[in-house]
Amino acid sequence: MNKHEFIDELAKTEKLSRFEVEEIFHTVANIVAEKLCQGETVEVPYLGKFKFTTRKRAEYKNLFGTTKEITKDECVYPSFQIAHRLKDVVRSGRKLNCEQSVNKLVEDII
């Protein structure tokens with residue numbers, strides 16, 4: 001499912017206009033990006049959390065180039081960690097009926 005399909009599905013499900021849903025989608029994305037830029041972790045209940053992960057400095061052998069080793073400095077990059085509850089629902093949905101699992105997740109949220 002891509003962004004446009006997601007927006008269409010949400011608009012249809014919640015009986016909102018596509019424009020309204022797209023504005024909400026962009027607002028949420030901007031808030032998440034802004035908070036990440038401020039160094040904060042953003043947790044979306046029942047879905048997961050956006051956070052920064054640090055990759056350590058590493059040295060690699062260059063098998064194809066003229067230099068013998070390549071050094072990658074330590075860097076920080078954004079990542080997403082899926083919520084355990086959603087992971088469990090998806091796993092059980094694959095075994096049983098996915099629609100029942102999703103309905104159970106929605107009931108837990110409400």
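Trainee: Let's start with Lys72. Which strand holds Lys72?

Mentor: Lys72 has its place in strand S4, which covers residues 69-72. Keep in mind as we go that this is a predicted model.

Trainee: Which residues does Lys72 touch, not counting those up to four places away in sequence?

Mentor: With those sequence neighbours set aside, Lys72 touches Lys56, Arg57, Ala58 and Tyr60. Take Lys56 from that list: Lys72 and Lys56 are 16 residues apart in sequence, and their C-alpha atoms are 8.4 Å apart in space.

Trainee: Now the helices. At what angle do H1 and H2 pack?

Mentor: The angle is about 120°, and the axes of H1 and H2 are 9 Å apart. Angles of 65 to 115 degrees count as roughly perpendicular and those over 145 as roughly antiparallel, so H1 is oblique to H2.

Trainee: Is the crossing of H1 and H2 left-handed or right-handed?

Mentor: H1 passes H2 in a right-handed crossing. On the H1 side, the contact is made by Lys3, His4, Phe6, Ile7, Asp8, Leu10 and Ala11. H2 brings Arg18, Val21, Glu22, Phe25 and His26 to that contact.

Trainee: How do the residues of the contact of H1 with H2 divide by class?

Mentor: They divide into six nonpolar, two polar and four charged residues.

Trainee: And how should I read pockets?

Mentor: The general idea is that rolling a probe the size of a water molecule over the atoms shows where empty space is left. In this model, the largest pocket holds about 770 Å³ of space.

Trainee: Which residues lie nearest the centre of the largest pocket?

Mentor: Those are Phe6, Leu10, Phe25, Val44 and Leu47, out of 16 residues that line the largest pocket.

Trainee: Which helix gives the most to the lining of the largest pocket?

Mentor: H2 does, with six residues. Helix H1 (3-14) and helix H2 (18-37) each supply at least two residues of that lining. By class, the lining has 13 nonpolar, one polar and two charged residues.

How values were computed:
Residues are numbered from 1 along each chain as its sequence is written. This is a predicted model: local features need pLDDT of at least 70, side-chain atom pairs count only at pLDDT 80 or more; totals for chains, interfaces and linings use all residues. Side-chain values use heavy atoms; hydrogens and water are left out. On a 1 Å grid over the protein atoms alone, a cavity is a set of points where a 1.4 Å probe fits but cannot get out, and a pocket is an open set with protein on both sides within 12 Å along at least five of seven lines; lining residues have an atom within 4 Å of a point. Grid points are joined across faces, edges and corners, and a volume is the space filled by probe spheres set on the points. Helices (H or I, at least four residues) and strands (E, at least two) are DSSP runs, numbered from the N terminus. Ala, Val, Leu, Ile, Met, Phe, Trp, Tyr, Cys and Pro count as nonpolar, Asp, Glu, Lys and Arg as charged, and the others, Gly among them, as polar. Axes are lines fitted to C-alpha atoms, for helices over the stretch in contact, and angles run from 0 to 180 degrees between N-to-C directions. Angles under 35 degrees count as roughly parallel, over 145 as roughly antiparallel, 65 to 115 as roughly perpendicular and the rest as oblique. A crossing is left-handed if the near helix is turned anticlockwise from the far one by less than a right angle, and right-handed if clockwise. Contact means heavy atoms within 4.5 Å.
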